Amino acid sequence: MTGARRQFVLRVASLAIIVLVWALGAMAAGPRLLPSPLAVLSTMVEEAASGALFLNIAITLVRVGVAFGIAMLAGTALGILMGRSRTADDLFDLPLIVLLNLPALVIVVLAYIWAGLTETAAILAVAINKFPNTAVTVREGTRALDRGLDEVAQIYKFDRVKRLRHVVLPQLVPFIAAAARSGLSLVWKIVLVVELLGRPNGVGFEIGTAFQLFDVARILAYALAFVAVIVAIEFLMVQPFERRVTRWRPRAA
Amino acid sequence: MRLDADITSKLVRAANGADIEVLRDMRLAVEPGRLAALVGPSGCGKTTFLRCLAGLDTNFSGRIALPSEARLGMVFQEPRLLPWRTVDDNIRLAAPDATDAAIDQLLGALRLSGHRKHYPGELSLGLARRVALARAFAVEPDVLLLDEPFVSLDALLAQELRRELAALLGRRPVTTLLVTHDTMEAAQLADTVYVLSERPAHVIDQVDIAIRRIERSAAEVSDIAEDLDRRLGSSHSHA
Ligand SMILES: Nc1ncnc2c1ncn2[C@@H]1O[C@H](COP(=O)(O)OP(=O)(O)OP(=O)(O)O)[C@@H](O)[C@H]1O
Ligand SMILES: [Mg+2]
């Protein structure tokens, strides 16, 4: 346990150093450009007390969750299809490459133009940004599937659902987890842009408003509160899930 | 269930694009509840033949009399267990209809009772082979296909597993095809031994063993094995 203790101490130390550097920077730059950690904290408390902070974070989280879910499901399905079928691969490869290289901003702006400044447009724009990356990652995993286990499933007459659940998906877990991890951080960043450009609420909208008022304390308060929530999700949900689905893997003693 | 195969030709495409004929006029039949052993030179096409029988490869000319509803048990050259499922789950996934009592008995007979909650990565090769065998028996197969199921185990362990296989077959006879390169193994377990030619494989010799499996003495087994070695050797020099 000394290893875990050491890790904890080092993490706290690095956090303390960041806050210290920030405080020094705030003194040098003045409260208008860079408010002190305490000023940001008090803004955060104010926003929390009024309920606005929680409401905006909740709205943004729902958008992140829905867009992320759509992107992961569609991307995984297309990735498996493309990994298994040559025809599907040849058919979708080029559009996928185009989509992968299309700047997020272009997709967002076009979605708003074509589908109006609506919730659906916002969420779809985010999902479309993430899903090609998931498809490509899962396709790699599908290409590496073990043929031998497929044959076992055939011999013992596994139906489609059983095959997917017990043979295919367990092999894809590392790939889906990699896509999910890079996906979560990508999706929330794009959601903020989408909110800034065309939504009347959410963390991105608040930051946009604060930008117009040059209220740096509010920008930092919202940004840090939201990052804290995302990090908590990563630690409390993504990592335990990964541990659970890979517990069969023999670990180094 | 009777197993009857008549493959006139089976080609495989090599990496360089050329077609290689692996099986030609490969004919054999196994009577219900009997065990036939296939012995033949390495690379002659034994695994290819089993894959055709199992329906894993349907790209051949010829005929296999095996109804599609026939239940198959197969043990591959490697154990091929699902690494992310426990021993118990590996067996139950393949045999969802097996009763708890049947699985208990099977795992007991193969001395796996203490390993039910283990993942395949935690098992030795000998144990993993046992699980593959348990899985094949758990489905109460009509036909059992075994592809060198005891290869690369030490002699003592292989012997132990052969005894366990014989005991399982004694309790519930299954039409079985056993691929092996070990003539002792064939002599010990088979009712009939088919000797195969070099590639393209076909049957060049058939040896029926009259003495029942459980009644064969060690001396008789080694006599039969010696006879098989002779036949294999002479077929080599012809080919
Ligand atoms: N996909 C393939 N591409 C090219 N050659 C193949 C392919 N599959 C099998 N072969 C060839 O066909 C022949 C028969 O292979 P098979 O695995 O059936 O032999 P085997 O009798 O089971 O050999 P072993 O005793 O080594 O297990 C081999 O010579 C092999 O090189
Ligand atoms: Mg083989």
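**View 1. Around ligand 1 in chain B.** In this predicted model, 14 residues surround ligand 1. The closest are B:Gly43, B:Lys46, B:Thr47, B:Thr48 and B:Arg199. Two of these residues bring their backbone to the ligand's oxygens: a backbone N or O atom of B:Gly43 lies 2.9 Å from an oxygen atom of ligand 1, and for B:Lys46 a backbone N or O atom sits 2.8 Å from an oxygen atom of the ligand.

**View 2. The open sheet of chain B.** Here 6 strands line up in the order S5-S6-S7-S3-S8-S9, and their pairing is mixed. Which strands stand at the edges? They are S5 (72–75) and S9 (203–208); each has a single partner strand, so one side of each is left without a neighbour in the sheet. On average, neighbouring strands are turned by 15° against each other, direction ignored.

**View 3. Strands S3 and S7 of chain B, up close.** Zooming in on one pair from that sheet, strand S3 (residues 35–39) and strand S7 (residues 175–179) of chain B run in the parallel sense, paired over 4 bridges. As background, strands of a sheet pair through backbone hydrogen bonds, either parallel or antiparallel.

**View 4. Helices H7 and H8 of chain A.** Helix H7 (residues 147–155) and helix H8 (residues 160–198) of chain A pack at an angle of about 175°, their axes 11 Å apart. An angle over 145 degrees counts as roughly antiparallel, and H7(A) and H8(A) are therefore roughly antiparallel to each other. H7(A) puts A:Leu149, A:Asp150, A:Ala153 and A:Gln154 into the contact, while H8(A) answers with A:Arg163, A:Val167 and A:Gln171. Sorted by class, that contact has 3 nonpolar, 2 polar and 2 charged residues.

**View 5. Helices H3 and H9 of chain A.** How do helix H3 (residues 52–84) and helix H9 (residues 203–212) of chain A cross? Their axes come within 7 Å and cross at roughly 125°, and that makes H3(A) oblique to H9(A). On the H3(A) side, the contact is made by A:Asn56, A:Ile57 and A:Thr60; on the H9(A) side, by A:Val203, A:Gly204 and A:Glu206. The residues of this contact split into 2 nonpolar, 3 polar and 1 charged.

Definitions and conventions: Residues numbered from 1 in each chain as written. Chains lettered and ligands numbered in written order. Predicted model: local features only at pLDDT ≥ 70, side-chain atom pairs only at ≥ 80, totals over all residues. Heavy atoms only, no water. Axes fitted to C-alpha atoms, helices over the stretch in contact; angles between N-to-C directions. Helix = DSSP H or I, 4+ residues; strand = E, 2+ residues; numbered from the N terminus. Parallel < 35°, antiparallel > 145°, perpendicular 65-115°, else oblique. Contact = heavy atoms within 4.5 Å. Nonpolar A, V, L, I, M, F, W, Y, C, P; charged D, E, K, R; others polar. Pairing = 2+ DSSP bridges. Near = heavy atom within 4 Å. Polar contact = N/O pair within 3.5 Å; in protein donor to acceptor, adjacent residues only side chain to side chain.
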